[in-house]
Amino acid sequence: MTKIWYVEDDAQISCMVKEYLEERDCQVMVYDRPEAVREAFEAEKIPDLLILDWNIPGGSGMELCRWIRARWRELPVIFLTVRGDTRDIVNGLGGGADDYMTKPFELEVLYSRILALLRRTGGSPGQILVCGEIRLDRSRMEVRSGGRKVPVSQTEYQILLLLMENIGRTVTRQSLLEQVWDSNGSYVNDNTLTVAVKRLREKLGHPACFRTVRSFGYRMEM
């Protein structure tokens with residue numbers, strides 16, 4: 001499921017966009033103030049894509065875009081605004097946005113641009129898994145935590161992938177041993193998994209969403 005944040009203070013427009021995108025298997029979170037978006041980012045939650053209005057109470061969409069881009073260079077950003085002058089479009093794209101749409105707009109066109117942008121950035125729907133501050137990109141086999149890239153081994157990546165694909169469900173130690181090691185024809189003892197998980201946790205910065213179910217397995221919780 002593609003996670004999209006939409007920064008828009010017009011409730012009628014945001015409700016329309018949210019309803020349309022959620023019918024297409026997107027998870028949409030709407031914010032009407034820039035400080036709320038900053039708080040969400042600082043809590044190390046990262047969406048797959050951001051839709052941003054220029055004129056928002058308590059700040060400027062341009063200022064917010066620059067703030068985000070300085071910290072998350074690869075996050076896809078689309079401006080959706082009434083400001084359609086050539087100078088505004090040039091400034092918006094120059095300020096860090098990946099695409100720029102003006103109001104009024106067609107929902108079908110917005111969705112098509114979202115899909116196109118996700119394809120270009122390697123974040124096509126279903127390829128990016130997010131839990132708390134952890135973001136796993138299956139198309140790039142890349143892991144990020146709090147916006148920083150985390151170097152992981154192939155084993156660590158496979159452990160994390162299995163857990164991220166089963167968010168909210170416990171993955172047993174036996175299942176991890178069978179799917180990560182036995183599938184490659186390698187036999188290891190139980191302690192090998194314990195060490196690998198400990199190392200992975202350390203690299204990720206001991207995230208709160210990464211839980212141990214004692215004597216049974218592990219689970220990722222939102």
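Which strands and helix do the buried residues of H5 pack against?

A: Start with the ground rules. This is a predicted model, in which local features need pLDDT of at least 70, side-chain atom pairs count only at pLDDT 80 or more, and totals for chains, interfaces and linings use all residues. Residues are numbered from 1 along each chain as its sequence is written, and side-chain values use heavy atoms, with hydrogens and water left out.

Now the helix. Helices (H or I, at least four residues) and strands (E, at least two) are DSSP runs, numbered from the N terminus. The chain has eight helices and 14 strands. Helix H5 covers residues 107-120, which makes 14 residues. The expected span of a helix is 1.5 Å times one less than its number of residues. For H5 that gives 20 Å, and its end C-alpha atoms are 20 Å apart, so the two agree.

Next, its buried side. Buried means under 20% relative accessible area, exposed over 50%, and partly exposed in between (1.4 Å probe, protein chains only). In H5 the buried residues are Leu107, Leu110, Tyr111, Ile114, Ala116, Leu117 and Leu118. They pack against helix H1 (11-22). They also pack against strands E1 (2-7), E2 (26-31), E3 (49-52), E6 (77-81) and E7 (99-102).

Take E6 as an example. Leu80 sits in this strand. It is buried, because its relative accessible area is 0%. Contact means heavy atoms within 4.5 Å. Leaving aside neighbours within four places in sequence, Leu80 contacts Leu110, along with Tyr6, Ile51, Leu52, Asp53, Met101, Lys103 and Phe105. Leu110 is one of the buried residues of H5. Asn55 is 25 residues from Leu80 along the chain, and their C-alpha atoms are 10.0 Å apart.

Asp88 belongs to another helix, H4 (residues 86-94). Asp88 counts as buried because its relative accessible area is 11%. Its contacts, neighbours within four places in sequence aside, are Trp54, Arg83 and Tyr100.

A disulfide is a pair of cysteine sulfur atoms within 2.5 Å. The structure holds zero disulfides. Cys26 is in no disulfide, and the nearest cysteine sulfur, that of Cys15, is 15 Å away. Cys26 is buried because its relative accessibility is 6%. Cys209 is also in no disulfide, and the nearest cysteine sulfur, that of Cys131, is 3.8 Å away. With 7% relative accessibility, Cys209 counts as buried too.

Now widen the view. A nonpolar core is a set of buried Ala, Val, Leu, Ile, Met, Phe, Trp, Tyr and Cys residues joined through side-chain atoms within 4.5 Å. The largest one has 27 residues, and Ile159, Leu160 and Met220 touch the most other members. Helix H6 (154-164) is among the elements that each supply at least two residues of this core. H6 gives the largest share, seven residues. Not counting residues up to four places away in sequence, Ile159 touches Leu176, Val180, Trp181, Leu193, Ala196, Val197 and Leu200. A second, separate core of 23 residues includes Phe41, Ile68, Leu75 and Ala97.

Finally, the whole chain. Buried residues make up 49% of its 222 residues. Its C-alpha trace spans about 65 × 30 × 25 Å along the principal axes. Among contacts between residues at least 6 apart in sequence, 60% join residues at least 24 apart.
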